[in-house]
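Here is a short briefing to read alongside the model. Please keep the viewer open as you go through the points.

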Amino acid sequence: MKLHKPADLTGRMLSVLLAGAVSFCGLAVPAAAADSENDRSYIVSAQPIEDVYDLPEQYPADSGTVRVQNMKTARVLIEFTDPCVMEIMEGKDWDPADPDIIALREDIRRRQDEHVRQIERQIQNDKPLDILTRLDLSASAVSVEVQTSQIENIQSLDFVRQVTVEQKIYPAEDTQPADLGSAQTGGTNGEVTGINDEALNEESGQGTRIAVLDTGLNASHEVFNNDCFNESLSRKAQQNHMNAADYKASLDLMESSDIEAVMSSLHLQDGDKSSANLNRLYISDKIPFQYNYADGTIDASHALGNIDHGSHVTGIIAANSLIKKGNSFIESQYMKGYASDAQILVMKVFGQNANGSESTLFAAIEDAITLDCDVINMSLSSNSAGFGTSSDPRYQNILDHLKEKDVVICAASSNSGNWADSTNLNGKLKPGDISFSTDGSPGTYTNTLAVAASDPDSFQTDQSGKTSLRMNAASFSSWGIPETLELKPEVSAPGVMILSSNGESSNAGYDYRAGTSMATPAVAGMAGILSHWINEQDLTTKLGRSKRFLQNSLLMSTAIPMKDEDGNYLPVLQQGAGEVRIDQAVHGKLLISMDPSATDSAEDGKVKIELKDDKDRTGSYLSRIYLEGIEKTSDIHFKVEKHLFTQKVDEHGNLLKTTRPMDLEADTQANQVYTLKNGAKSGFNLTYALSAAEKERLNRETPKGAYIEGYVTIRPCSSAGTYLENETVYSIPILGFFGDWEEPGIFENVSLYFSAKDPDETAYVVKRDPDGRIHTNMLKISSTSTKKSRYLAGNPYVVEEGTEDKSRSAMNSDQTFVDVTFSSVRNISGLRHMIFTADGQLMLNNQDGTYSVNLSKPYTTLNGTQTNWNDQTHTQRLVNTTMTNGLAENTPYVFTTAAITEYTEGGNVLKLQEKALNGTLKPGMKLEFPFTLDNEAPQLQSAQASSDEIQLRVRDNRYAAAARSSIKMEKRPPLPRRIRRQSLARHRPLRFRQTIFQKVRIPS
């Protein structure tokens, strides 16, 4: 026999592996046994084994598919406590071109330089920091690259408000060659969006400034020809009985002097801020501004990066309606943009590697505000599920300020489909899981308008009186929602087989592409149309609302929800308010606004009902809305319909992508005719209640909670209640959760421990090791002396049947905690590692892990190409390697990794600790690893051998896990031939507790 000296084992082994890992001296307990028949005897001896890692391990720490995500350096945004321009000027009217504002921004930048020098002295040991980007309008912040180990030190400085690790952003679409046919507005069937409506013949976004934050532009393409742009405006002037100069002056077009007036405030490289560069920044009337923010140069063409995504996007928004043939102008033969007469500001935010940073993006947004843009288009997204607000407060605060400047920001939801689509479950979520979301930031931010993609080829002529459409969402379009339980995406638009301009050197190339990158500019273009239409109708004066408020309200409330072939609504999680219809928006007679109790976006004009979670599962809800006539000239009558539904569940309890109607109590508001006297504004309470049978079904099928989705339909009618033909029908999307939003688990219910017992265990993770095991949701420990590691699991050497008592796991004082590997199925805002006593007393709080962890998308896409699979595992190294110091021997403890989402206490990691201490963390919010510190040596009391078995008597203060025996013949005669052919070392797993007497059969 051999005694093992397990200096760093999860369990303990002698000729025996015990469940407490300790150091002990070798023993020699000779035991003789005679074989009377053959006159043979054997000596059993116990001796230390120097390297216990030679033993067969069930939970080794050096195999598997763990993806380590720790970074040595990171690009971060450092926000200072100094107020920005928007904070200083809050509640006041101000102009970015005002000399006082320009001077204020210069002063803010001087203060930023001082702070950076302080960081260099106090944190960097005088190593200079390169300022990559600045913000001063909506935040006082700089973007720099630092060592990740320095982030908390920088955060602790008294002049630093927040340090945010930046995400990368990516453009994404698929490309198909163009089979050019008849001209299409926005590159698709105009019937889908209503753009061909006669009422829109004179609406082309004239006088609107639209900033396109993308990969740049092929400004020489025929659809951006400046002569064609001016010719179109001249024709508009004639239709309005004006000369061209007066008409253009009435539109307040952007000119080079507008750039010159604010040049010093723009986020350009210092060498580019000169009057000599005006003719390079200002290309033409059609393209009055260009800049490459990613590379810090004026050239915003596709030359750097070689990706023409931006040309395709810009064409959808504002390609001219005319093209030039010789000296003549003809209608475009292929396509024109939705807002074909809008001006385009080209802001390149993707560099040579086709990716960008959030600070670069927000610097461009600030310049779009400074240059007085009406609409911003961002056909881009992070490559992981995005946060809503609190997990990234700096950027959210920037967007909060931007809404004050009356700009609609359209952002792509991303192209990753349903989170579960590309996992092992083929689009299903396991019982109890709830996150389908792959919607990336900045689309997930509260004050952007997030756009999903629909498939215009699936469009069927309306059969439901404009209350719904038979149409499919694009299969690639990302689903929401962020952990804030906000409704995202918010609208849908065509994003499949969209024809537009490309970057070919012929300057006359077109192709078809697909993506939310194509859907987003459709909405931006329609927002541009509404910008001019609202001005023409003087609606901001009539209704006392900002233009941004009106654009958001009209786009969302007149969108038409989509249904599948079976007549069931597509999930609100997938389509938002539905398909945007610009014809319905301009024909509408009602303005709908929300009470703040209905949605946090009420003041931003967004029309949606966010019920949040129904923790007590009452099933009864009330939402308050306001309606008023756009014109206050006559009575307006309408009726209200309510359609609630939820995600289907299969026979195994898996959550499906399709929906089913929910059974409601009798609706007392059904068929009631409501009246706005002379169109005057009035408030209404909408009530809806789930039936008792529906609540029982939800509790049975989805015990951890279920989505509540739906639409409130508002249909104009006569005073007698007869529905009116050819009138705009309004809808309000509904999103809520039946149950406690904290209840569904944050960590996937799978681990190395359980997958070792069942290699076929159902899991989302794509990758497994050759034995079918998934290396996740495990705590790694390591010996300080040998530097070797293993996972703290159950029996480390034997995969026992059934569920083991994990409280038997042990480690010794020579060991330390190394890292935690985990799989998340929800976005994590706060993460912390702690050690508790068995009765819940906090012993140690590790400061690591306070930064957010994004839910990885199942796969990464760049330019439409699937580049790699993500197995959803994260490894977080524990910086504090002395966590076992001060722990008492033979006392049970629990190592806990706890996490919260941004819905819980705003994602505040300090609140996470409070919840852990007061015992209010839900089971799904934590991983627990019980252990005992055990330094006591095991004792082999006796060992005997006979011709066919070895008898062991072992004693330990805790538990044994397995035994290893080796046979050494000390006397003649030789072993029989069949024994010699076998290995002399025999591994026989045994289990022991306290005093043990065990027999091991010797092979004959």
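Buried means under 20% relative accessible area, exposed means over 50%, and partly exposed lies in between, with a 1.4 Å probe and protein chains only. On that basis, the buried residues of helix 14 are Lys547, Arg548, Phe549, Leu550, Gln551, Asn552, Ser553, Leu554, Leu555, Met556 and Ser557. This is a predicted model, in which local features need pLDDT of at least 70 and side-chain atom pairs count only at pLDDT 80 or more, while totals for chains, interfaces and linings use all residues. Residues are numbered from 1 along each chain as its sequence is written, and side-chain values use heavy atoms, with hydrogens and water left out.

**The chain as a whole**

- The chain holds 20 helices and 53 strands; helices (H or I, at least four residues) and strands (E, at least two) are DSSP runs numbered from the N terminus.
- Of its 1004 residues, 61% count as buried.
- Taking contacts (heavy atoms within 4.5 Å) between residues at least 6 apart in sequence, 77% join residues at least 24 apart.

**Helix 12 and helix 14**

- Helix 14 is mostly covered, with 11 of its 11 residues buried.
- The axes of helix 12 (residues 516–537) and helix 14 (residues 547–557) come within 10 Å and cross at roughly 125°. That makes helix 12 oblique to helix 14.
- Axes here are lines fitted to C-alpha atoms, for helices over the stretch in contact, and angles run from 0 to 180 degrees between N-to-C directions. Angles under 35 degrees count as roughly parallel, over 145 as roughly antiparallel, 65 to 115 as roughly perpendicular and the rest as oblique.
- From helix 12, Val523, Met526, Ala527, Leu530, Ser531, Trp533, Ile534 and Asn535 meet Lys547, Leu550, Gln551, Leu554 and Leu555 of helix 14. By class, this contact of helix 12 with helix 14 has 9 nonpolar, 3 polar and 1 charged residues.
- For these classes, Ala, Val, Leu, Ile, Met, Phe, Trp, Tyr, Cys and Pro count as nonpolar, Asp, Glu, Lys and Arg as charged, and the others, Gly among them, as polar.

**Helix 9 and helix 12**

- The axes of helix 9 (residues 309–318) and helix 12 come within 8 Å and cross at roughly 35°, and the crossing is right-handed.
- His309, His312, Val313, Ile316 and Ile317 in helix 9 touch Ser517, Met518, Pro521, Ala522, Ala524 and Gly525 in helix 12. The residues of this contact divide into 7 nonpolar, 4 polar and no charged.

**Helix 5 and helix 6**

- Helix 5 (residues 226–239) and helix 6 (residues 244–251) have axes that come within 9 Å and cross at roughly 100°. The two helices are therefore roughly perpendicular to each other.

**Two buried aspartates**

- Asp511 lies in strand 26 (residues 510–514) and is buried, with a relative accessible area of 7%.
- Asp439 sits in the loop between strand 20 (408–412) and strand 21 (449–455), and at 0% relative accessibility Asp439 counts as buried.
- Beyond its neighbours within four places in sequence, Asp439 has contacts that include Ser384, Trp479 and Lys488.

Notes: Left-handed = near helix turned anticlockwise from the far one by under 90°.
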